[in-house]
Structure formats: C-alpha cells, structure tokens
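Good morning. I have one structure to show, and I will keep it short.

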Amino acid sequence: MWQAIKRLYHKLGSPKWFYQISELWSPWFFWVGAILMSVGLVWGLAFAPADYLQGNSFRIIYIHVPSALLSQSAYIMMAVAGLVGLVWKMKMSFIVGKAIAPIGAGMAVLALLTGAIWGKPTWGTWWVWDARLTSMLILLFLYFGVIAIYNAIENEDMANKAAAVLSIVGTINIPIIKYSVEWWNTLHQPATITLTKKPTMAPEMFIPLAMTIIAFYCWFAVWVFARTRNEILWRERRTKWVRQTLGLSE
Amino acid sequence: MSLYALLKRDLLIAFRNRGELFNPLMFFLMVASLFPLAVTPDPQFLGEIAPGIIWVGALLATLLSMDLMFKGDYEDGAIEQLLVSPSPTMLFVLVKVLVHFVVAGLPLTLMAPLLGLMLSLPESGFAPLMLSLLIGTPILSLLGAIGAALTVGLKKGGMLMPLLILPLYIPVLIFAASSVQAGVQGDPYIGHLAFLGAYLAMSLVVAPVAAAFALRISVSR
C-alpha cells in the first residue's frame, strides 16, 4: 500500500506521466460531468418543486452553490499544491497551482454574479455588505493577488514560490468565509447542505443539486488538466518526448 | 546580541530620516481632512463615519510606509548578510516589524485622538479607537512584512503591494472599525477587540515565518 502511494507520488512528479494520464482521464471526467450537468440542470430547473418561501427564484441554486463551493475548495487546492511544491520541491505541483488560480477566480466571479441575480428578487437588492458576500469578494481579491504575482515576477521559479507563499497565507480567509454565516447573523441564509448532517432540503431538490456540484468538480478537473498540459508542453518544449508527441520530429 | 544591534541601528536610521517618519502621519492627517470637505462638514454625520475614516486612513498610511521595510537593506546588500548570519531570519523579520510598529503604528495611534476631535467623534469612541489601533497596527506591520518581502526585488513592487496585502487587512479593518462603532453607541466593545487580538496572535505566528521565507525567495535570484 505504502509502496503504491510512493510510486504514484513519484509518477505525479513526472510531467510526461502527468501529460499522458491526464489525456486518458480527461474525456471520462468530461462526459461524467456532461451527463450529470444536463440531468441535474434539467431536473433542477424544470421538474424540482418550487421553494415554499422563494418560489422559482431559488432555482439559481443549481449554479450558485456549486460555483461558490468550488471557488473555495479551488483556493484550498491551490494552497495545498503550493505547500507541496515548497516542501517537496515538486515542480508539477507548482504548475497545477498556477493552472488553478484563474479558474478559481472565474468561479468566484460566477458565484458573486449568480448571488447578485438571486439576491435581487429575494432581498430586493443586487448587493449588500453582508459578511458572506464581503468575504467572498475578499476571496476574489486574494485570487487577483496570486494571479498578479505570477504576472509581475519574470523568473519562473521565484514566481512559483512567491505565489505559493501568498496563497498559503491567504487560506486564513477560508474559515472566515465558511463560518461568516454562523458567526454574524446577517442577510445571507446559512449553508443549505453540509457533509456531516442530513440535508434539510427535499430529496427531489437536493439530488439534482448534488449532481450539478459533482459535475462542476468534474469539469474543473478537465479544465485544470487542460491548462496544466499546456504549461507542461511549454516548459518541456525542448525535450524529446514533447517533440515526438506533437509529431515535430521523427 | 546582533538582533539588539540591528534594532538599535534601524531605530536610529528611522529617527534620522525625519521625512520618512512624518510623511505617513501627514498623509493620515490629509486623508482625514478630505472627508469633511468632500462629504459634509456636519458634525453629527461626521461623528458617525469617523471610526471608518480614521481606520481607512491608518490602513493606507501604513501601506505607504510598508514598501520601505526591507528596501534599504536589499539595495545595499545588507539583507544577504542577515540571511547568512546565525540568528534565524524569523527574528530578523520580527525586529523589522517591531521597528515599523514603533515608527509607523505607534505615532498613528498617538495621533488618532486629534483626528477624532477634528471629525467630532463622540467621547465614548476614543478609548476603543486607541485600543483598536494599538492592537491593530502591529497586525498591519506583521502582514505587510509578507507583502514587502515578496515584492522587495521587483521594480513595480510599490503597485503590487496593496493588491497582495489589502485582502489580508480587511478583517482587521472590519473588527477594528466595528469596535469603535460599538463604543460610540455605548455598547460593549471588548468582543470586537478580542477578535482583533486573536487575529494578532494568528498573524504573529504566521507572518514572520512566511515573510522570512518570502525574503529568501526574493534574494535567491
């Protein structure tokens, strides 16, 4: 068991292995995501019962909750990737971290946008300075900081390490976002679903939501794979295996 | 011992460079006086927004002076000597943070009552204002050290700094300003200050490690 984990770890450190395995996995993740997304969305948008309190406007939950969830866990993944890179000097993990940053920022934007669209009919306003919304905005700013530092530092190795330090420090904000709804009694409703408790939603509302959440994570994986593979090709452009893969040399 | 020498040297440099010492304070004063001109001179309304104005001003003034924390030592190469010296880099960062607090945070704290008077802050707001600045400005110096260390070698570092550090400053701003707000309304403000204290403890643990590491990255090129 331990040997197998060690072997996987060393393989993960190899750009060539990562390139080939992600090429194999990507279609699976894509199609599982596509099926779950279409079933979940059609079920959630057309067939799930309307909410007793919010009517039909609650249906945006099928985009809002997955993107909000993903933007937070993407940040944690980025920080963990940075930590792994700093501690074990693993180049691949820096590349994955760099691939995650803009996607996570995009998810945060999507969560804020869908939240605003949801907020208009339910609260009567596009935006309030509520604890959850504000800390989500800070998360977006943190992503901007990480992206900015990648762009500002030309030396690749230094940019990787600097961005890793910054993303690790920024994780302080994640628990603040997570518990903001419980610590401050503000406008945003408490979390609808938690891992530890039985969902308080009706199952015919909850199952499609779970489907779209899994679909978001699957597509996130496809997206991160694609960006990582691009970066691998660029960094390893002078090696033999890349030239062979791209058919540049015989 | 060497750290004590460093502390003495840095304080001496800071107090010899009067301009650098007073510029953030002047900036603080000017930002605060812009609000009565731009928003309204009405004392009632000013008193209500005074906690926020003073804290935003303090935050921006700190940010202004943060860029210089490691710059001088980086440019004359002293930082490399400090990195290879036997004392841990973390302690070196802590000395720098302490000096920054003494020359930036403490003067801002002492000057805050004056701004409070100018902005007609109600009397019950002064104690939490001073206390929140006393607990809050060290946090600003600590977290700022991370940003200063990350950007010390960059030409465009001055522009990048606020982008990296302001998100981390926002919790300080929220808890600090709300403690003053509570004081103004006559509510207990200890709870807000306790949150601020917790954030101080957390940044005291995280920031020196992260900033020391960031310095090594910046110098290693």
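I will go through the conventions, then the contact between the chains, then the space inside.

This is a predicted model, in which local features need pLDDT of at least 70 and side-chain atom pairs count only at pLDDT 80 or more, while totals for chains, interfaces and linings use all residues. Residues are numbered from 1 along each chain as its sequence is written, chains are lettered from A and ligands numbered from 1 in the order in which they are written, and side-chain values use heavy atoms, with hydrogens and water left out.

First, the interface. Chain A has 22 residues in contact with 19 residues of chain B, contact meaning heavy atoms within 4.5 Å. About 2000 Å² is buried between chain A and chain B, and carbon and sulfur atoms give 91% of that; buried area is the accessible area (1.4 Å probe) that two parts lose on being put together, summed over both. A:M158, A:V169 and A:I172 supply 28% of what chain A buries against chain B, more than any other three residues.

How many salt bridges cross the interface of chain A and chain B? The rule, a side-chain nitrogen of Lys or Arg within 4 Å of a carboxyl oxygen of Asp or Glu, finds zero there.

Now chain B. UniProt, in an unreviewed entry, places "transmembrane region" at several spans of chain B, including residues 52–70 and 126–152; such annotations may be inferred rather than shown by experiment, and the positions are given in the numbering used here, with feature names shortened.

That is all I have.
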